[in-house]
Structure formats: structure tokens, C-alpha cells
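I opened the notebook to look up charged pairs, ring pairs and nonpolar packing in one model. The entries follow in the order in which I looked things up.

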Amino acid sequence: MFGLLRRYSAIALLHLYVAARIIPELLPAGVAAIVAMSLLLLASTILIPFAFKSQRTGAQPLSSLVLAWAGLLAMGMFSSLFVLTLLRDVALVAGFTLSRFLLIDAPLQQFRYWSALAVPVLAAL
């Protein structure tokens, strides 16, 4: 029981990290982008646990296999989303450090917006 709760908590926390890093940057893109990203993360949070249940062997009903398949797809999508978010954060730290050294700020703001848009698009590819 405790292991299951810990696994679901870890999944939810990782999704919250991605949401906290990407969704606020999508404000200039409009409500549709924010809703789409939020729904993607919510669906992923719900579906990924079904992928863990697919490890059982034996005959399973079709609905169980479809949920497992959807969970595995969500897990693959989220792994790309998570890695790209981490890479974006590393690039933002490097850009912040460089902008403080060169005393410029405008290109970093544009990079924050465009990289936040690029993360889900690249993850989908």
C-alpha cells in the first residue's frame, strides 16, 4: 500500500514540476495553449499508473490492454516532456548567467516564451 502511494505521489509531483515550469510561460500564447497543456498533463498523470499494471501476465480483457497501451504512450510522452523541461531549465540558468554577465535581458524573455512552446511540440514529435 505504501509503495503504491509513493509511486503515485512521485508521478504527480513530476507532473506538477513540468506544469509549474511550462504553464506560466504559456500565458502570452492564450487560454487554449494553457488548457491543452493542463489537459495533457492531467491525462498523463491518470494514465501512467495503468502502464504499471500491464506487467501482469495472463489473459486480460481488451479494455485493460487499451488502458495499458494508453498508459505506456503517456509514459513515453511524459518522459520526453520531462527531459526537455530539464534541458530548458539548464538553458535558462545558462542564459540567466550570461545575461547578468553581459547586462542584457530582452533575448532571455523571448527565449523563455519560445522554449516553453517548443517543449510540448518537441515532446510530441
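I started with Ala118, which lies in helix H4; helices here are DSSP runs of H or I with at least four residues, numbered from the N terminus. At 27% relative accessibility, Ala118 counts as partly exposed, where buried means under 20% relative accessible area, exposed means over 50% and partly exposed is in between, with a 1.4 Å probe and protein chains only. I then took the C-alpha separation between Ala118 and Arg88, which is 9.6 Å for two residues 30 apart along the chain.

A note on the source: the model is predicted, so local features need pLDDT of at least 70 and side-chain atom pairs count only at pLDDT 80 or more, while totals for chains, interfaces and linings use all residues. Residues are numbered from 1 along each chain as its sequence is written, and side-chain values use heavy atoms, with hydrogens and water left out.

Salt bridges came next. How many does the structure hold? I found three, taking a salt bridge as a side-chain nitrogen of Lys or Arg within 4 Å of a carboxyl oxygen of Asp or Glu. One of them joins the side chains of Asp89 and Arg21, at 2.9 Å from N to O. That pair links distant parts of the chain, since Asp89 is in helix H3 (residues 62-102) and Arg21 in helix H1 (residues 2-22), 68 residues apart. Asp89 is buried at 14% relative accessibility, whereas Arg21 is partly exposed at 29%.

I also looked up Arg112 and Glu25, whose side chains meet in a salt bridge with 2.5 Å from N to O. Arg112 lies in helix H4 (residues 106-124) and Glu25 in the loop between H1 and helix H2 (31-53), so this pair ties together parts that are 87 residues apart in sequence. Arg112 has a relative accessible area of 29% and is partly exposed; Glu25, at 15%, counts as buried.

Through shared partners, salt bridges join Arg21, Arg88 and Asp89 into one network.

For aromatic pairs I searched the whole structure and found three, counting rings of Phe, Tyr and Trp (its six-membered ring) with centres within 6.5 Å, and calling planes under 30 degrees apart stacked, over 60 edge-to-face and the rest tilted. Tyr17 and Phe82 are edge-to-face, with 5.9 Å centre to centre and 70 degrees between the planes. They connect helix H1, which holds Tyr17, to helix H3, which holds Phe82, across 65 residues. Tyr17 is partly exposed at 25%, and Phe82 is partly exposed at 22%. The rings of Tyr113 and Trp114 have centres 5.1 Å apart and planes at 70 degrees, so that pair is edge-to-face too; Trp114, at 57% relative accessibility, counts as exposed. Ring pairs also link Tyr17, Phe78 and Phe82 into a cluster.

Last, I turned to the nonpolar core, meaning a set of buried Ala, Val, Leu, Ile, Met, Phe, Trp, Tyr and Cys residues joined through side-chain atoms within 4.5 Å. The largest one has 16 residues, and those with the most contacts inside it are Val18, Met37, Leu41 and Leu81. H1, H2, H3 and H4 are the elements that give two or more residues to this core. With contact meaning heavy atoms within 4.5 Å, and not counting residues up to four places away in sequence, Leu81 touches Val18, Met37, Leu40, Leu41, Val119, Pro120 and Ala123.
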